[in-house]
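Subject: A structure for you to look at

Hello,

Here is the structure I promised to pass on. Have a look at it first, and then read on for what turned up in it.

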Amino acid sequence: MKDKIILAIESSCDETAMAIIKNNQLLANVVSSQIKNHQDKGGVIPELASRLHLENIDKVFKEAIKKAEITINDIDVIAIVDGPGLVGALHVGVMFAKSLAYINNIKILRLHHIAGHIYANEFIDNFEFPLLALVVSGGHTELVLMKEHLKFEVIGRTLDDAIGESYDKVAKVLSLGYPGGPILDKLAKEGHNIYNFPSPKINDNDFNFSYSGLKSAVINKVNQLNMKKESYKIEDIVCSFQDSAVAPLIVKSLKAIDEYNIKHMIIAGGVAANSYLREQLTRKVPKNVKLTLPPLWCCTDNAAMIASLANHYNYDELDNDLSFGVNPNKVLE
Ligand code: KG4
Ligand code: ZN
């Protein structure tokens, strides 16, 4: 049987990304990041993101097939993220996928962005079930239970802001730049938790999270200190914020491990790159539970993770229907 070659496309936020995978072998992984274009605006501007995807997508495609040393004719399946994400950004990837599919008669597999983040972990470990995925990104904070491949049960989620969003907003109020996560991660190491900000919902008897109260508490504290012209160390603010932000993730993950007899825990999404979160999990997850921390190169948005997810599907069942759109609020199930 001929080897199947998958082209994976990811354009849900501010990275235009394509990866090509043949069996389990990653032949190309191209990520064109727009971060620099959004940096001076303090966050992703959706309309600008769509325009930049449109400018970049063809270049990214050409680079990917060149790196993989294949031609369009070698592609058997296109795996495209149709949600969740920014509506305009998703549209660019989906329209590109549809055009390629239509002209070259290739089948399309529509995949979920967060499921992709989860499957990034398969680059280093095979999944064991029941598996717990802690999904922490700019748009998501979720605990996902998996009893088998491709079946996702969201057992807890944020009731308001996502954790990555709170990192970005705290960085913004401290004028530290965008994206805030990596900057705060470094600064926190130089500070002490002297402010004891609240950790909302940490003691509640469920698996949900809340980050808007913590974000407001930090912003209010910074504004107060500035108004009173009191001196403070930014590192202490950041360290105090990070302690309170990460604590509920650890407490609820451990509770879920216990309640669902979890054999394997993984983390996913941009905040999975956070060194304090990784250190806390390494120390606190019981040693009889396999813990996988994805390599840093595939924590933030990329298409290799989408290709890894696509590998688990049966392509023979796909039809050639191209009458689908994007789903910015796509549910993980
Ligand atoms: O998964 P991702 O690339 O995009 C979304 O799907 O949202 O995640 C981006 C988020 C941003 O909020 C960014 O600040 C955060 O991940 N992030 C981090 C770190 N690296 C990226 N947060 C904390 N610590 C980090 N080292
Ligand atoms: Zn993401």
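A term to begin with: the radius of gyration used here is taken over C-alpha atoms, and the rule for a globule is 2.2 Å times the number of residues to the power 0.38. Please keep in mind that this is a predicted model.

**The chain as a whole**

For 333 residues, that rule puts a compact globule near 20 Å, and the chain agrees because its own radius of gyration is 20 Å. Along the principal axes, its C-alpha atoms fill a box of roughly 65 × 45 × 30 Å. You will find 10 helices and 10 strands in the chain.

Buried residues account for 53% of the 333. If you take the contacts between residues at least 6 apart in sequence, 73% of them join residues at least 24 apart. The chain exposes about 14900 Å², and 50% of that comes from carbon and sulfur atoms. As for charge, there are 35 positive and 40 negative side chains, with the centres of the two sets 3 Å apart.

**The zinc site**

Which residues hold the zinc ion (ligand 2)? The ion is coordinated by His113 through NE2, His117 through NE2 and Asp301 through OD, at 2.0 to 2.1 Å. His113 belongs to helix α4 (residues 113-119), while Asp301 sits in the loop between β10 (290-292) and α10 (304-310), so this pair ties together parts that are 188 residues apart in sequence. Written as a pattern, the spacing of the donor residues is H-x3-H-x183-D. Are His113 and Asp301 buried or exposed? Both of them are buried.

The C-alpha atoms of Thr300 and Val271 are 7.8 Å apart, although 29 residues separate the two along the chain.

Gln242 is in helix α8 (residues 234-259). With a relative accessible area of 4%, Gln242 is buried, because buried means under 20%. What does Gln242 touch, not counting residues up to four places away in sequence? Its contacts are Tyr167, Asp185, Ala188, Asn274 and Tyr276.

Enjoy exploring, and write back whenever you like.

Best wishes

Definitions and conventions. Residues numbered from 1 in each chain as written. Chains lettered and ligands numbered in written order. Predicted model: local features only at pLDDT ≥ 70, side-chain atom pairs only at ≥ 80, totals over all residues. Heavy atoms only, no water. Helix = DSSP H or I, 4+ residues; strand = E, 2+ residues; numbered from the N terminus. Buried < 20%, exposed > 50% of the residue type's maximum accessible area, 1.4 Å probe, protein only. Contact = heavy atoms within 4.5 Å. Areas by Shrake-Rupley, 256 points an atom, 1.4 Å probe, with all protein chains shown as cover. Lys, Arg positive; Asp, Glu negative; His and termini not counted. Charge placed at Lys NZ, Arg CZ, Asp CG, Glu CD. Donors = N, O, S within 2.8 Å, 3.2 Å for Na, K, Ca; no water.
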